[in-house]
Amino acid sequence: MKYWQVEDMIKIAILGLGTVGTGVAKVVAENHRQIERKLGEPLEVKAILVRHFKDGPYRQLMTDDFSQIEEDPEIRVVVETIGGMEAAYEYTKRALETGKHVVTANKQLVSERGWELLRLAKKKNVNYLFEASVGGGIPVIHPLTQCMVANRIDEIYGILNGTTNYILTRMVRTGAFFSDALREAQAKGYAEADPSADVNGIDAGRKICILADLAFGQQVDPDSISVEGISKLSLRDVKVAARAGYRIKLLGRALRMPGGGRTAYVAPHLVPEDHPLANVEDVYNAVVIRGNATGDVLFYGKGAGELPTASACVSDVIEAMQRSAKREEAGWNGDTDGFVDPLEAATRFYFRIEGSLTDAAMAFGQVEVLSEDGETGFLTDRITGREAREHSRSLNVLSCLRVLE
Ligand code: HSE
């Protein structure tokens, strides 16, 4: 048997003890043997930053004073699971400044300030890693920035929010009410502290921005992209789409535009039922990355929840400790030039109008009819969002959704 001295252990701190923070503590404890085999030394949680002390298995590790963590030279990695901006941003900067690696699941912070924090990490010769910020337990950031690095990335799209995918699945499969399905997603630890960020597409927006930043090398601000969630979706559209061979999914999409610009947006889409994303259900996420050498590569797995997200965080902790300090970091610059309005992106569109097929044809020319029963559901040819908006001005539009081609 091998005996470790206390100073042989790698010590980490966790900031926050919500769903993800608790998961990190659990994964470190439950998988300590595998982790030790990888690192050659045991990994130990030395401190957990909380706002309010709570009884439980981690009581002895809790502190409400970040400077205790910051000033502790034994703590080499800080896992930030507080979420949000203010405290998370301040503590991340302070941890990096003092030469600690930082690992996070914080989509908001990475999408808004990631380029700057990566620059600071590089200056301090430490790592800022955020695999858990997109796709929960699915490895997607590392494959994008490492395995696919020889490619020009032309497009990324996917189901990036577990809560809304869970809600849509429950509503379609069992006819559950929106509010009941949301409550279930919250109870399972999928939803954000403020679930309106899930429902309104904001969470998926942050994630597609991070992927776009990494793919295109320039900042895409979450505030500059158009974001639409599932709150306005009608079950009528779900049924019309299903009869025509489509499922409705909330997708984030980032693409390189003709002419060299780039764009990103989040919106519900009709997905053909033979497309791999059509059968991604419950909390599962799936991301397609299109490289000019690889073609489409699909990543699939649990996109939210305590243990999947914690798995990505702890893997980043291990990577931070293993990585050579000389390795070039993935990153992007803070310049937002070249962002094109997503209205310029072209797809087919689905419309449901209060009106006839003749009205639809007058507005769009040739259309493909999906339903005609007082209202008319139809698909347009491939047009830009701007054209869809202009041509439909004269119509009484009940729904308008993009179609995934
Ligand atoms: N609220 C997020 C989701 C958590 O439902 O996908 C994982 O990022």
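At what angle do helix H2 (residues 32-39) and H12 pack, and how far apart are their axes? The close-up views below begin with that pair, and they all come from a predicted model.

**View 1. Helix H2 alongside helix H12.** Here H2 and H12 pack at an angle of about 20°, and their axes are 10 Å apart. That angle makes H2 roughly parallel to H12, because angles under 35 degrees count as roughly parallel. H2 passes H12 in a right-handed crossing. To find the meeting place, look for Ile35, Lys38 and Leu39 on the H2 side and for Val314, Ile318, Met321 and Gln322 on the H12 side. Sorted by class, the residues of this contact are five nonpolar, one polar and one charged.

**View 2. Helix H1 across helix H12.** Stay with H12 (residues 306-322) and turn to another partner, helix H1 (residues 19-30). The axes of H1 and H12 come within 8 Å and cross at roughly 65°. The two helices are therefore roughly perpendicular to each other. Their crossing is right-handed. H1 brings Thr19, Val20, Thr22, Gly23, Val24, Lys26, Val27 and Val28 to the contact, while H12 brings Glu306, Leu307, Thr309, Ala310, Ser311, Cys313 and Val314. The contact of H1 with H12 counts eight nonpolar, five polar and two charged residues.

**View 3. Helices H7 and H8.** Next comes helix H7 (residues 162-174) with helix H8 (residues 178-187). Their axes come within 9 Å and cross at roughly 135°, which makes H7 oblique to H8. This crossing, too, is right-handed. From H7, the residues to look for are Thr163, Tyr166, Ile167, Arg170 and Met171; from H8, they are Phe178, Ala181, Leu182, Glu184 and Ala185. The contact is made up of seven nonpolar residues, one polar and two charged.

**View 4. A closer look at Arg170.** Arg170 sits in helix H7. Leaving aside residues up to four places away in sequence, Arg170 touches Gly175, Ala176, Ala181 and Glu184. Of these, Ala181 and Glu184 belong to H8 and are part of the contact with H7. Now find Asp282: Arg170 and Asp282 are 112 residues apart in sequence, yet their C-alpha atoms are 7.4 Å apart in space.

**View 5. The second largest pocket.** This pocket has a volume of about 590 Å³. Its lining is formed by 26 residues, and those nearest its centre are Glu228, Ala267, Phe349, Cys400 and Leu401. Several elements give two or more residues to the lining: strands S8 (226-227), S10 (262-272), S13 (346-353) and S16 (397-403), together with helix H14 (385-391). Which of them gives the largest share? That is S16, with five residues. As for the classes in this lining, 14 residues are nonpolar, six are polar and six are charged.

Notes
Residues numbered from 1 in each chain as written. Predicted model: local features only at pLDDT ≥ 70, side-chain atom pairs only at ≥ 80, totals over all residues. Heavy atoms only, no water. 1 Å grid on protein atoms, 1.4 Å probe; cavity = no way out; pocket = protein on both sides within 12 Å on 5 of 7 lines; lining within 4 Å. Points joined across faces, edges and corners; volume = space filled by probe spheres on them. Helix = DSSP H or I, 4+ residues; strand = E, 2+ residues; numbered from the N terminus. Nonpolar A, V, L, I, M, F, W, Y, C, P; charged D, E, K, R; others polar. Axes fitted to C-alpha atoms, helices over the stretch in contact; angles between N-to-C directions. Parallel < 35°, antiparallel > 145°, perpendicular 65-115°, else oblique. Left-handed = near helix turned anticlockwise from the far one by under 90°. Contact = heavy atoms within 4.5 Å.
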